[in-house]
Amino acid sequence: MNKTIRRASVFCLLMVLALLVRITWVQAYQGQALADDKHNRRNVIAQYAQPLGNIIVAGSPVTGSKRTEGSDLQYKRTYKDGELYSAVTGYSSQAYGATQLEGIYSDVLDGTDSRLKNPADLVMGRQSDPGDVVTTIDPAVQKAAFKGLGDKKGAAVAIDPATGEILGMVSTPSYDPSEISGTTDGDAWQRLTGDEDKPMVNRALRQPLPPGSTFKLVVAAAALEDGRHGSVDERTDSPNPYTLPGTRTVLRNENASAPCEDATLRTALKYSCNNVFAKLAVDLGQDKVKAMAEKFGFNTEKLDVPVRAARSVYPSGMDKAQTALTGIGQFDVTATPLQMAMVSAALANGGELVPPHMVSKVTDADGDTLDDLGDAGGERVVSPATAEQLRSAMVTVVQDGTGTNARIGGAEVGGKTGTAQHGVDNSKTPFAWFTSYAKDESTGKEVAVAVVVEDSGAARSEVSGNGLAAPIAEKTMRAALSR
C-alpha cells in the first residue's frame, strides 16, 4: 500500500471514529435534552396526538378536545364556559404554549407523566392515556363572582377558611381560551395581548395593588397581639386630624364627622379612621407591622395555589411618615385579592391560616389518585382571642359601619372596606376593595372573600369599597353558604 492510500485510510478511519463518538454523545448524553427542547416539533405533535385530559369542576369537565383537519396536530383544546373559568384553567395553545393549570399539569393532561405509564406502555414506548386535574372550584360561587363583577375591571377570590379550598377565582375582563388554542389564531392573540385592559392577566393572583383600608385589619391584629391594646373596645391615643411625623402633611379621614379622635379599634374599623391606624403603625414600628403582615402571607416569594401568586408586599427601610401611610394600606404596600382573602380566612378560622389551593387531586385515566393535595395543616397567625376580637369588629363594620352592602340575612358576616389611592397625588380613579367572611351557624358553612374593583366606569366620587366591591362579595358569599 502506498503512502497516499495509507494516509487516506487513516483519515477516513478517524472520521468514522469521530462520527461514532458524536453519535454516542448525542444519544447517551444529549438525547433527553433534545427530546425536551421546546423547539422539537415532535413534542408538540405527541402532545396533541390524542384528546387531552380534563380540568374538572364539581365532577364535570370544563375543558375538552376537538379533532383538527389538515394539521399534523390531531387534536386541539376546547373550553366550556371559557370566559367564566379562564382565571382557573389558563390556556393550552398549539402555537403559544400553556399557562396556569394547563401548563403546570401539562404532562398529566397530555399523558406523558411517567406515573401514568403501565408496564406495557413502558415496554412498547406508547403514550399513556391522559389524566385529569380535579379542582376545588364551586361553579355556583364562580358564577356569582363573575356575574357580580360584570363589565367592571377587577377580581374576586373565595376561600373555605377551614380547608383552604379556593371556591371561586375570577378576573375581569376575561377571555375565552378556545380563541387561541389552535395554530391559526394569530389575530385573536394579537387582539388579546394588545388590549389595554389586559384580559389575559389573572388579576386575582398576578396583579398586586394598594389594599387601602383593608390592610387596617393587619395593623389591628399587630396591636392586639403586641398587647398595645387589650381589646377592640379599648380607647386609643389618636389625635384627629393626625400630622404625619416629620412633615406638615395632615392625614384626614374620609368622613370628617366620624368619631375618630382617640377611637377604639372597633370604632376605627367601623368608620375606617385613618388617623388611628396611621399612628398605630408608627407606635408599633414598621418591624412589628411587617412581622404580622408576613404571618398573613405578605412578602412570600413562592405562594403556589398551585399557580404561583405574585408577591404581596409590606416594605422595609421607611421613615415614620411612610410607616404611617402603610398603616392605611398605602405608600408601597401592595396585595393581591388572594392575599386579602387569606387575611379574612385566617381570622374566620380562629387565627389559623390554611394554605389556599384550587386543586384537590390529580388522577389517572381510571380515576385513581396520583396526587392528593387536600388536608394541608394550618399555621397560627394570631391567637384565637385576637381572631375573635377582630371578627367581632368586622361584624360591626357590616352591621353599622362602612360595609352594610355585604349583609346576608341569617348569617354572621364581617368585613372591611378599602378605597385605595391610585396615581401620583391620587390623580387616578381609586381602587375599591372589600375583604370579608361569612358563617352560617345552622349549617356550619363558611367562606372568606376578597374583591377589588380597579375600574367600574363610575365617577370618582362614587367609588367606594361598600358601593362597588361589597355587593360583589355579598353575592359570592351568599352562593358559598348555599352550596
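Does F331 count as buried, exposed or partly exposed, and at what relative accessibility? At 31% relative accessibility, F331 counts as partly exposed. Here buried means under 20% relative accessible area, exposed means over 50%, and partly exposed lies in between (1.4 Å probe, protein chains only).

This is a predicted model, in which local features need pLDDT of at least 70 and side-chain atom pairs count only at pLDDT 80 or more, while totals for chains, interfaces and linings use all residues. Residues are numbered from 1 along each chain as its sequence is written, and side-chain values use heavy atoms, with hydrogens and water left out.

## Two packed helices

Start with helix α10 (residues 216–226) and helix α16 (residues 384–400). Helices are DSSP runs of H or I with at least four residues, strands are runs of E with at least two, and both are numbered from the N terminus. The two helices pack at an angle of about 140 degrees, with their axes 10 Å apart. Axes are lines fitted to C-alpha atoms, for helices over the stretch in contact, and angles run from 0 to 180 degrees between N-to-C directions. α10 and α16 are therefore oblique to each other. Angles under 35 degrees count as roughly parallel, over 145 as roughly antiparallel, 65 to 115 as roughly perpendicular, and the rest as oblique.

Which residues make the contact? On α10 they are L217, A220, A221, L224 and E225; on α16 they are T386, Q389, L390 and M394. Contact means heavy atoms within 4.5 Å. T386 sits in helix α16. At 6% relative accessibility, T386 counts as buried. Setting aside neighbours within four places in sequence, T386 touches A221, L224 and E225.

α10 itself is mostly covered, with 9 of its 11 residues buried. Among the buried residues are K216, L217 and L224. After α10 comes G227, with a positive phi near 80 degrees.

## The nonpolar cores

A nonpolar core is a set of buried Ala, Val, Leu, Ile, Met, Phe, Trp, Tyr and Cys residues joined through side-chain atoms within 4.5 Å. The largest one has 92 residues. Within this core, I166, F215, F277, F296, L338 and M358 touch the most other members. Helix α15 (residues 337–348) supplies the largest share, 9 residues. Leaving aside neighbours within four places in sequence, L338 is in contact with V157, I159, I166, A204, L205, L303, V305, A309 and P356. Another core, of 29 residues, lies apart from the largest one. Its members include A158, V398, V447 and L468.

## Backbone exceptions

Most residues other than glycine have a negative phi, and most peptide bonds are trans. The table lists some exceptions.

| Site | Feature | Value |
|---|---|---|
| T172 to P173 | cis peptide bond | omega about 0 degrees |
| N240 to P241 | cis peptide bond | omega near 5 degrees |
| D262 | positive phi | phi near 55 degrees |
| F331 | positive phi | phi near 55 degrees |

Where do these sites lie? P173 is in the loop between β9 (166–172) and α8 (186–194). P241 is in the loop between α10 and β10 (242–243). D262 is found in the loop between β11 (250–251) and α11 (265–271). D262 is partly exposed, with a relative accessible area of 24%. F331 is found in the loop between α14 (320–326) and α15.
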